[in-house]
Amino acid sequence: MSATEPILRVRDLVKHYPARGLPGLQRSAKVQAVNGISFDLLRGTTLGIVGESGSGKSTTARVVMGLTPPTSGLVEFEGSDITTADRASQRRKRMRMQMIFQDPRGSLDPRMRVRDVIGEGLIVHRLATRSRARSRVAELLEMVGLRPADADKFAHEFSGGQAQRIAIARALATAPDVVVCDEAVSALDVSVQAQIVNLLRRLQEDLGLSYLFISHDLNIVRYMSDHLMVMYLGQVVEEGPSGEIFGSPQHPYTRALLATTGGPTASPTRLVGEIPNPASPPTGCRFHTRCPVRIDRCSTAEPELTEIARGQRTACHLVTREVLAR
């Protein structure tokens, strides 16, 4: 596979959940967590996924990783659909896709020593004998900036930043090609965040890793990402090269998100109101209930992702109309 071909390919991904217990909704209602998104992740690059809580970022990560099945859609790893593959094939593919979670302490068993936390994957996937696993754990600890002697400690003995380094070492144990980082630094102090994102970038360069990097912190996403995907209420509203989107955001939602960082935006848009209920999303453009520049069409017709320039695509009636008028 060439570097220009996607190592991970997602098409028309949908994930709906039963809306049980939510007032005012019919028993048959569905929470539309992810609603028909598509994207590619190129080998050795980082795709950043941003959006407010409830936009579908983490659900996307969980479906891609096989932690929850999709309602419909395609998830291909190196050309093979891993949602329909047999269990043995899935196991082999999933071994090469690993995840780093938001809360390092919550994702590490406090009763296990670090050597077992990191080495478990090597044993389960039969990648090393127990003696070889011990030496590999020492290598991985050094790789993430910890000492081999730390293998004898329990996970709860470490600070948050150190615990996340252990989680990164665990993710690297099976020599993955794709690593999904789901808010991997959001629970850490700002100074520690910088250390961890620099570590992730170094590991990507050294090991040729491909990242799905999910975060609400746009400054970190800008630093990490080659390509950016902006999600709102389960859908993609804008995507393209990170430099293009950060330099010239087109969708009103993207502009509003970037306005909160003090970065360059085309207008001083600010987000108002709350994200709507994903079990009862608005008709038309899902953002129209909060959009300061909406037109009548926005409430009735759903906009399509349309390429506007240099690989940048936006789902907005106003932007599309301006592009077509040029």
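Which residue in S8 is the bridge partner of Gly48? I looked this up and found Phe213. I noted that the model is predicted, that local features need pLDDT of at least 70 and side-chain atom pairs pLDDT 80 or more, while totals for chains, interfaces and linings use all residues. Residues are numbered from 1 along each chain as its sequence is written, and side-chain values use heavy atoms, with hydrogens and water left out.

**Entry 1: the eight-stranded sheet**

I recorded how elements are named: helices (H or I, at least four residues) and strands (E, at least two) are DSSP runs, numbered from the N terminus. Two strands pair if DSSP finds at least two bridges between them. I then traced an open sheet of eight strands with mixed pairing, in the order S6-S7-S8-S3-S9-S10-S12-S11. Its edge strands are S6 (97-100) and S11 (306-309), each of which pairs on one side only. From one strand to the next, the twist averages 20°. Angles here run from 0 to 180 degrees between N-to-C directions, and axes are lines fitted to C-alpha atoms, for helices over the stretch in contact.

I returned to the pair that holds Gly48 and Phe213. Strand S3 (residues 46-50) and strand S8 (residues 210-214) run parallel and are joined by four bridges. Helix H7 (residues 190-207) touches S3, S6, strand S7 (178-182) and S8, and its direction makes about 155° with that of S8. Helix H10 (residues 252-259) touches S3, strand S9 (227-232) and strand S10 (235-241), at about 105° to the direction of S9.

**Entry 2: the four-stranded sheet**

I found a further open sheet, of four strands in the order S2-S1-S4-S5, with antiparallel pairing. Strand S2 (30-42) and strand S5 (80-81) each have a single partner strand, so one side of each is left without a neighbour in the sheet. Ten bridges pair strand S1 (residues 6-18) with S2 in the antiparallel sense, and Pro6 stands opposite Leu42 in S2. Helix H1 (residues 57-64) lies across S1, S2 and strand S4 (72-77), at about 115° to S1.

**Entry 3: helix H4 and its contacts**

I asked at what angle the axes of H4 and H5 cross. The axes of helix H4 (residues 114-124) and helix H5 (residues 130-143) cross at roughly 120° and come within 9 Å. That makes H4 oblique to H5; angles under 35 degrees count as roughly parallel, over 145 as roughly antiparallel, 65 to 115 as roughly perpendicular and the rest as oblique.

I then turned to helix H6 (residues 160-172), whose axis comes within 7 Å of that of H4 and crosses it at roughly 30°. H4 is therefore roughly parallel to H6. Val114, Val117 and Ile118 of H4 make this contact with Ile166, Ala169 and Arg170 of H6.

**Entry 4: two residues with positive phi**

I noted that most residues other than glycine have a negative phi. Glu183, in the loop between S7 and H7, has a phi near 55°. Leu233, in the loop between S9 and S10, has a positive phi of about 50°.

Are these residues buried or exposed? Glu183 is buried, with a relative accessible area of 10%, and Leu233 is buried at 0%. Buried means under 20% relative accessible area, exposed over 50%, and partly exposed in between (1.4 Å probe, protein chains only).

Notes. Contact = heavy atoms within 4.5 Å.
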